Amino acid sequence: RAKGDAGESPRFYESRMDEAVRARSAVAMELREALARGEFELWFQPQALLADGRITGFEALLRWRRPGHGLTLPGEFVPVAEQTGLIRPIGAWVIGEACRAAADWPEAFGVSVNASPGQLTQTDFAEQVSDALLAARLAPERLEIELTEASLIADHGRLLEVMVELKALGVRVAMDDYGAGLASLGALRSFPFDRLKIDRAFIDAMDRDPAAAAMVEATLLQARALNMPVMAEGVEDASHLERLRRHGCEQAQGYYFGRPMPLAEARRLMDRAAGGAAAASAAS
Ligand code: C2E
Ligand code: MG
Ligand code: MG
Ligand code: MG
């Protein structure tokens, strides 16, 4: 039947809900093709020790070189990938790719990979990680999986199970975006996290909002009581750095130390850092 025939309500086709569903499935189809065509890339952002600014590793951040759109950030497509289940194959690619990249780095540098709740609920998630480590010949200690509070809320039993499996492999697990959601330090005590990353919103607000500053300081104190090292996210300037250092924060990530960058650039940064360390020890 031709469009506009009597009996079909044009309004039905114009309904926003319908529109949103259609847009989502169109993007989902594009994402599936993007994976097959190799349009995804990992970029890498340095993570540093606050004590001496030494870079200890990189967080792998997903990018989509989307035809006609340029380099697309995860905020624009990861939610659709999560809603459609595509985060599973895409996430598996991310883990494999991150392990392959890090296996080629000097041993001093680790890699952190983000995982969504939908990935963790796969019964073979730890096996997937283990296979990726073996295939890349990467030491498990050099891989860290970052989970958000969304995983904590989704299914406690399953989360604990998968964390135990990952830790049995020797992989580390970090709590990402801490403070942005509902998780409390009390809840964190029940899970064997190796590190806590304070959400960027708190670091950003620290200088102008006493409540944000207090939250950061309280988190640092409590994490210390739990023996959990803390990494501040979104450290952009020296004033953030100074304040965090004063309150005993161990690690940081943010534009101050470096923006996410392509693999080759991260590699050059590592070579310079390693060269600098070698030069320093030769001079002493
Ligand atoms: P995240 O894991 O919290 O990653 C940190 C985000 O903060 C990155 O955004 C990074 O570019 C940004 N950032 C880092 N330092 C600064 C800073 O100093 N200032 C500001 N303004 N921003 C900073 P990006 O790459 O857009 O990623 C956004 C989120 O997408 C990530 O947040 C993570 O939740 C998700 N994501 C990224 N890659 C993956 C992936 O491979 N798998 C899954 N499941 N999620 C991913
Ligand atoms: Mg992260
Ligand atoms: Mg984060
Ligand atoms: Mg985030």
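Of the 81 residues in the largest nonpolar core of this predicted model, Leu31 and Leu143 touch the most other members. Such a core is a set of buried Ala, Val, Leu, Ile, Met, Phe, Trp, Tyr and Cys residues joined through side-chain atoms within 4.5 Å. Helix α4 (residues 87-103) gives the most to this core, namely eight residues. Helices are DSSP runs of H or I with at least four residues, numbered from the N terminus. Leucine 31 is in contact (heavy atoms within 4.5 Å) with Phe40, Trp64, Phe77, Val80, Ala81, Leu86 and Ile90, leaving aside neighbours within four places in sequence.

The model is predicted: local features need pLDDT of at least 70, side-chain atom pairs count only at pLDDT 80 or more, and totals for chains, interfaces and linings use all residues. Residues are numbered from 1 along each chain as written, chains are lettered from A and ligands numbered from 1 in written order, and side-chain values use heavy atoms, without hydrogens and water.

Aspartate 176 counts as buried because its relative accessibility is 4%. Aspartate 177, at 25%, counts as partly exposed. Buried means under 20% relative accessible area, exposed over 50%, partly exposed in between (1.4 Å probe, protein chains only).

How values were computed:
Helix = DSSP H or I, 4+ residues; strand = E, 2+ residues; numbered from the N terminus.
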